[in-house]
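Colleague: I would like to go through the cavity and the salt bridges in this model. Please show it first.

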Amino acid sequence: IFVGFVLPSSSTDSTLTTFLVEANQQLAGIYDQVVLAQLQNELRGSNDVVALLEMEIADEKLLNYLKSLMPHLAKFKRLKLGDASQKRQLERIPRLGYNALDGMELAQVYALASNMSDSYRNVLLCAYKQPGNCTLRLIPEVQAIVQESRDLDEIEYYWYEWRKQTGLATRDQFVAFMELYKKTAQLNGYPRAQDYWFRSLEMGGAQTMSLLDRLMAGLRPLFLQFHAHVRGSLRKMHGERLVPRGRPYPQHLAEVFIGNAFRRVRAEWYVDLPSPLAGLANITQDLHRRGLSTTQRVFWNVAEYFRGLGLPLLESSLWTNAQVVAADDDDRCWHKVWRYYTLPITNFTYCPLNDEERFLNMFEAQSDLYYNRAASGQPTLLRDEPFPSFGDAIGKCFSLAATSPRYLQKLGLLQEGKWLELPARLNRLYVHGLRVVFLLPVFYVLDRYRVEVLSGHIRADDNEAYWRLTEHYTGAAAPRKRSNEQFDVPAKLLMEVDDQYASNILSTVLQFQLLKHYCTTTLQFGKDNPRKALDLCDISDQRQIGASLQRAMALGSSVPYSDVLQELVGEPEINIDGLLAYFKPLHDWLVQQNQLQNLDVGWA
């Protein structure tokens, strides 16, 4: 009897092994076709017909193959066979997603997503006081107008016009899309749609929101102080009637103020910059002065940085075979590494622009290269990062470390000693904080709103609920009260209606957590030591970092992200402590200034 039970199981396990070997091989080949098509799209330009056709063919081939795997996948999961690695591979087989819908609904959901995305990207607005000139795009035309404008009526006009064209105009589409998303979740085996929303994190909806709530609660003290200071600046600029005390600040004015931090920042844009006399370093100018005036020179300087961390030096052929991207504008021109699954090559594409943003981006691109190579020992199904943007957090940790005044001074980019002193550091932390601290609550609201919709707590077009969340978590209000007669959610969804922002939040927080870990273990950071502040930490030439980093990256997605984190930073959960430590000098300064200026903190 015992033998009778064992033999069928052994036979089935053998079948599972064969199934996974073939699935990994087939997917590797198809993935390479997808990557090659995307590479051609990058090199030829986003409108190249041949590259777009190749991408469409590769995507169709992938979909058909995944459909063929589904019956076998269901059988193996039902029988609960296989060792831990095999079960993990089964879990990581991509699901059908929207393609689980029937033909008519599938066409509808893709049409809805495409229409809303096109509305965001391509909608044209009429110029202020020029109703016959309706040719303005949000980026770059309208963005440039409002950031330079001193006419408050003009700024308010574009705020309303944008929401009318992208929000209210797509209201019915948004509602229909969310209903189809709920059905997609059920067809993919998720009775609760909010669990499907966070599937890439391998956590349920309640668990993920609990983690995000903890992060937002940890951020809150810093955010409240920063918000109070920005509101005080806006009040100086626009008067107390428009920016009253103890109330959320007007979103349209705050967006312009904070949005300036994402441009080539000039100190004079900020009426309350911590130290106007110290100014802001011009890294772009210093790159050229130092002789790092070509992408090739930057490439090899950054390669030496990673070798100093104990990682292998990159081969010369990587640059010899590098190719320049087609785009040469700030928004689309970046350095990238292209990962293959079967081909024994690595493609590197680079942006010819040579400025601070592209310099820091080089650290992220080369970090991606090391990540891809470390994880290449895993089966195809387990090579990806544990959740989207996890690898991005590692790359951004190193680009963040590269902004240390001590490292930039070592590299010869900063020559004056003032950049190591607190006044100049506060200026840099202030601008960087505008980019980070104010963005996280916005991301949180966008996910929280859609999770509330998916769980049935609010209607998909409950505009008043959206503004309650926006005011509570971001401290921003519309110029005039918005009701359910309007609909503003799509106007803030950046590009895609089904983009999930939880992974962006976790990735942003993780980069600071990782930096704090490396700076602590190399004795570069001391919690109560101002000479060892986290923003001063320089981890270059700390060779002990490389080995542990390689071990963590080599795990790919073979284990849940908490296990990768344990290897990476010695703890299984993402926490906000690193971010708070990094911005602590700024936080202390904000508290002091808010008290000195009698600025109100918080809002009713």
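Colleague: Which residues lie nearest the centre of the largest cavity?
Modeller: This is a predicted model, where local features need pLDDT of at least 70, side-chain atom pairs count only at pLDDT 80 or more, and totals for chains, interfaces and linings use all residues. Residues are numbered from 1 along each chain as its sequence is written, and side-chain values use heavy atoms, without hydrogens and water. A cavity here is a set of points on a 1 Å grid over the protein atoms alone where a 1.4 Å probe fits but cannot get out, and lining residues have an atom within 4 Å of a point. The lining of the largest cavity has 11 residues, and nearest its centre lie Met116, Ser117, Tyr120, Pro490 and Leu493.

Colleague: Which helix gives the most to that lining?
Modeller: Helices are DSSP runs (H or I, at least four residues), numbered from the N terminus. With 4 residues, the top contributor to the lining of the largest cavity is helix H4 (residues 103-122).

Colleague: How much space lies in the largest cavity?
Modeller: The structure holds 1 cavity of 30 Å³ or more. A volume is the space filled by probe spheres set on the points, with grid points joined across faces, edges and corners. For the largest cavity that comes to about 80 Å³.

Colleague: How many salt bridges are there?
Modeller: The rule asks for a side-chain nitrogen of Lys or Arg within 4 Å of a carboxyl oxygen of Asp or Glu. By this rule the count is 36.

Colleague: How many residues apart in sequence are the parts that Glu202 and Arg92 tie together?
Modeller: Glu202 and Arg92 form a salt bridge, with the closest N and O atoms 3.4 Å apart. Glu202 sits in the loop between helix H8 (193-197) and helix H9 (205-238), and Arg92 in helix H3 (residues 84-92), so the parts they tie together are separated in sequence by 110 residues.

Colleague: Is Arg92 buried or exposed?
Modeller: Buried means under 20% relative accessible area, exposed over 50%, partly exposed in between (1.4 Å probe, protein chains only). Arg92 has 19% relative accessibility, so Arg92 counts as buried.

Colleague: Where do Glu452 and Arg448 lie?
Modeller: Glu452 and Arg448 form a salt bridge, the closest N and O atoms being 3.0 Å apart. Glu452 is buried, and so is Arg448. They are 4 residues apart, about one turn, and both lie in helix H18 (residues 439-454).

Terms used
Helix = DSSP H or I, 4+ residues; strand = E, 2+ residues; numbered from the N terminus. 1 Å grid on protein atoms, 1.4 Å probe; cavity = no way out; pocket = protein on both sides within 12 Å on 5 of 7 lines; lining within 4 Å.
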